[in-house]
Amino acid sequence: MTIDSQLSLLKQTQVGGPKKPLQVSRDIIKKLAQGDKDSVLSAIQDAIKLEHSTIPPYLYALYSLDETKNAGIADIIQSVVVEEMLHMTLACNILNALGGTPDIDTPSFIPTYPGTLPGIEPPNPNWKVDLKPCSKDVVQSVFMQIEMPEKPHDFPVKPQAVLGAEEAEELPRTIGAFYQLLEAQIKNLGEGAFVSPPRNQVGPDIMFESVVVSDFASAQQAIGIIIDQGEGTDPDPFDEEGAPAHYYRYAEIIKGQKLGKIPGNPPTYAYNGDPVTLDTSGVWKVAPDRKGDNQAVLTFNYTYTSLLKTLHAFFNGQNTSQQFNTALGLMMSLKQQAMEMMSTLGVGPSFEYQPTNPGINSGG
Amino acid sequence: MSYLNPLRLHFAGQFQASVSTVNNDPDHYNNATFKPNYQQPGNANGWWNPRGDGAWRLIGCHVTSAFMADGSAVGQADQIRMSLIADSDSKTSAKLVDLDPEQQLVSQIWGMEVRITDSAGNALVRGCYEPVGFMDIWKRIQQGQGDLTAGAMYQSVLTNLEWGDISASPFLQALKQAADDGLLSIKFNVESYSMASNKPNFTRGRIVGTIGPASATEPRHFVAGRQLLTTTNVQLGFFQPVQQINFCVAVVDQQRGKVYLDLGNALPISTSGGPPAPLGDLQLICIVDPIFRNEQMLIGSIPQATYTNPAWYPQTAGIIELPADRALSQDDLSSIASNPLWLRIASQSNKQIPAVAEHASGLYIRADQFVLRLNPDEQAQAQLYATQFGQPYPNAQVLAISDPSQLQQAPNTSPSAISFPAFITTNEQGIAELPIATSDPGSQRDFIDGQVYGIRVHLTDMLFIPSGNIFSVFNPANFISLLVWEAFEPAEPLTWWGTTDQNSIQSIFQQYANLYPVMQDFLDLSDYQSVRENIFLLQLAFGLDPSDPNSMPVTRDLSFAKRQAILRWMNDPQEGTPRPRAAPPQAIPSVLSAETPDSAAAPDKAASRGGKEAALNRRRSVRFSRHS
């Protein structure tokens with residue numbers, strides 16, 4: 001795909017939606033630009049936090065769907081969520097490979113909703129990410145904004161490592177650029193920075209498409225997957241498995257059709273495929289309950305916190321398929337709890353850190 | 001040693017039991033006649049929780065008191081005072097599981113992890129709760145009708161203990177030391193359950209319990225102690241003890257000169273969630289030399305003002321130390337060691353009438369684990385413990401008889417698929433192993449797998465001694481329930497559709513799809529494509545040990561043969577040739593509604609029809625008495 005056809009696709013996708021990709025905060029970019037090991041490890045922890053932060057809003061939208069009416073939409077969101085979890089895993093693998101420790105089981109790991117994503121400058125003061133039932137508005141103004149790639153001709157050249165403060169000011173700050181900088185800084189740390197043998201790695205035998213990170217080449221591969229599936233800054237909207245990058249996947253919901261390739265020399269792209277229809281009667285339009293007085297929500301939050309604890313252990317040495325299966329069981333429980341409360345109780349889960357399950361009529 | 005000892009903590013809070021109720025009606029197991037409305041709530045026939053997922057949870061449970069081995073309350077600074085009792089923070093919820101649609105009165109808790117945590121939820125100790133069914137279910141709440149009035153108790157052990165940082169709790173340090181067999185004893189009482197789907201407490205009830213050390217040599221699921229017994233005159237519905245107080249147990253502590261009496265599942269409650277009902281002062285007495293002197297020796301009194309105080313039950317879990325103000329003398333202890341104990345209601349003018357009483361012989365026998373699932377041609381051992389006045393009863397003859405009276409089914413004439421000796425003998429420790437052999441029950445119940453059986457054991461020494469009080473003793477719940485699965489031959493080659501409803505994977509999954517509509521949140525279990533799409537998750541869940549809370553089926557009612565066939569099929573999930581399914585016939589009334597006798601006019605009659613009370617009224621014993 002040429003730059004022109006890529007730009008053309010981006011332009012047609014942008015119609016009615018966000019115009020510019022998100023910017024990572026200056027502080028994070030500047031710190032990463034310093035290039036020392038601690039700064040690099042800190043940046044990777046930020047990346048882990050960022051990859052996780054999109055998951056609750058995506059899941060909330062997913063859970064709000066009556067899948068008998070919106071199976072296609074559910075599939076799209078589900079596929080993005082699975083890949084965000086993979087990105088989180090890849091980031092943990094990189095951090096572990098460099099001797100760091102992913103910190104997942106803490107209240108500050110979960111962003112405040114509504115709010116901006118951790119480490120991200122909102123594109124305008126009114127832009128917020130919140131837990132909202134699925135709608136075209138949420139998909140276009142929030143999800144697509146999160147996933148939006150750079151314009152192809154704006155795509156930055158890979159930076160040199162360890163920049164001075166002034167040069168760091170000039171760096172592009174999209175998420176894709178952040179990962180590019182990260183890759184450069186890791187390379188600069190050298191092969192000696194990697195722990196041998198591979199440490200706390202979650203490999204493809206446990207999580208499909210994952211990469212064991214033990215040197216720069218594998219770290220580069222891991223970062224490549226994150227960028228390719230997510231931001232899609234590779235000159236092709238389709239990733240290696242033939243799925244469109246997240247931004248274009250969500251766009252299918254807005255455009256109402258699957259993204260397709262139009263044969264030609266060079267080929268071009270348009271939303272000309274099978275219909276993708278959001279049936280608004282098949283959405284439980286409920287708000288998250290943050291009052292702390294709904295037992296179903298409290299139980300959900302306790303389960304969600306248990307999942308974070310389980311993932312924390314998973315990424316900090318209990319890297320077994322048994323541990324992964326335990327996490328999977330908790331994820332299934334979350335889905336079921338959320339769908340039941342949204343469809344029968346008229347409330348949604350609030351994804352809050354809650355290490356106990358208190359009763360609402362406590363004093364029993 | 002068990003929870004009923006000085007070194008213990010008490011806790012109180014809520015439990016959640018979100019059982020599915022579509023499967024409460026045996027006729028719903030019939031794929032051929034299943035109708036979609038059976039999954040709808042209420043009288044449409046799904047009863048009060050058709051989308052239940054079987055979850056069992058501990059909610060808002062906190063430690064209410066704790067005591068050291070010398071009987072003193074723990075110190076002010078002991079961290080246990082602020083501790084919580086929680087379930088797992090690293091696994092999916094435990095599950096509440098009935099043995100069978102025709103035995104719904106032994107619901108077991110599977111896959112529970114119990115933690116004692118600090119107030120922030122960090123584990124101080126965690127352990128695996130050994131699965132057990134409830135015992136001694138009765139009509140506990142005086143006001144109201146049906147399942148809402150029921151109370152029951154669970155007793156088990158925590159194994160695989162993992163201790164955290166207990167440096168801030170002398171109590172936990174003492175507990176760890178006392179638990180040198182690596183076991184903790186845990187017993188809790190449940191009641192005040194809500195079945196009202198429009199109320200915030202829906203599917204939840206009150207739980208109050210005790211944790212203490214356990215010994216490996218003692219039974220895990222009851223206390224080898226002084227068993228105070230009763231009986232009933234009421235045939236229908238929940239057990240109603242003749243003198244209002246339910247089965248309970250006491251332990252005599254020779255060293256401290258005290259008796260620990262557990263009334264946690266024995267005192268009736270006036271209204272849901274409230275304190276025990278006022279029955280007057282209670283007296284624990286010993287009948288010294290019942291035959292000749294028949295002297296009533298008072299051990300201690302429990303004033304009504306004490307136990308009706310709303311704070312008392314959560315704080316003590318109903319456990320009382322008597323005498324309160326002194327230690328029993330050596331002479332007293334000597335009398336108590338070989339004479340029956342009674343609990344009396346002081347205002348009962350006839351001194352010869354106890355509320356609950358030890359059998360005059362002091363004898364007692366029970367199976368420790370009383371729920372068994374067996375495949376055809378399998379062997380099992382039921383471990384029985386016999387005691388006399390709380391001590392092991394060695395070299396005693398045990399009579400084992402087939403007793404299906406408490407199973408909720410019509411009598412049948414099929415030959416039994418279980419066999420066991422009529423007589424066995426207890427060893428030096430008072431323990432006897434009853435060997436049970438099974439054969440293939442075949443498809444006796446057509447659309448319900450296998451058959452359920454009951455075995456009741458008696459000490460022959462007890463059979464010829466009068467109980468010593470004016471009523472005979474009988475605990476309907478004290479028997480062994482068994483499910484024996486039938487043989488299963490899948491079609492070969494192994495395909496989804498098979499060649500008949502009896503050899504297909506589809507039929508098995510169709511039944512689960514019918515009975516557990518909550519599964520629709522994930523997939524359509526009755527549909528080949530949907531199952532194919534989710535095969536990885538299903539392989540995972542069906543391959544787990546039943547002790548894992550994620551194990552499928554949640555109901556743990558799948559035979560080994562069927563499970564193996566399913567796992568083998570999932571490795572190569574071929575569809576085979578679709579067979580037309582018979583269209584369901586015109587709406588037929590549920591056999592359940594025809595069978596259930598009308599209870600007294602009750603506002604939540606509809607709710608009651610699909611629950612435990614309704615099941616009780618399908619017992620063989622009840623059918624027999626109604627037809628006689």
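This is a predicted model: local features need pLDDT of at least 70, side-chain atom pairs count only at pLDDT 80 or more; totals for chains, interfaces and linings use all residues.
**Stop one: Arg206(B)**

Select Arg206(B). It sits in strand β12, residues 204-213 of chain B. Is Arg206(B) buried or exposed? Its relative accessible area is 10%, so Arg206(B) is buried.

Now show its side chain. A polar contact of 2.6 Å links the side chain of Arg206(B) to that of Glu191(B). Next, pick Gly273(B). Its backbone oxygen is 3.0 Å from a polar atom of the Arg206(B) side chain. Beyond its neighbours within four places in sequence, Arg206(B) also has contacts that include Gly13(B), Phe15(B), Ile269(B) and Tyr313(B).

Arg206(B) and Val259(B) are 53 residues apart in sequence, and their C-alpha atoms are 27 Å apart in space.

**Stop two: an open sheet**

Select strands β17, β16, β19 and β20 of chain B. In that order, the four form an open sheet with antiparallel pairing.

Zoom in on β19 (residues 341-345) of chain B. Two bridges join β19 to β20(B), and the two strands run antiparallel. Which residue of β20(B) is the bridge partner of Trp342(B)? Select Ala357(B): that is the partner.

**Stop three: Ser551(B)**

Move to the loop between α8 (535-542) and α9 (560-571) of chain B, where Ser551(B) lies. Ser551(B) counts as buried because its relative accessibility is 0%. Leaving out residues up to four places away in sequence, Ser551(B) touches Ala541(B), Leu544(B), Asp545(B), Pro546(B) and Arg556(B).

Notes: Residues are numbered from 1 along each chain as its sequence is written. Chains are lettered from A and ligands numbered from 1 in the order in which they are written. Side-chain values use heavy atoms; hydrogens and water are left out. Buried means under 20% relative accessible area, exposed over 50%, partly exposed in between (1.4 Å probe, protein chains only). Contact means heavy atoms within 4.5 Å. Two strands pair if DSSP finds at least two bridges between them. A polar contact is a pair of N or O atoms within 3.5 Å; within protein, one must be able to donate a hydrogen and the other to accept it, and residues adjacent in sequence count only if both atoms are side-chain atoms.
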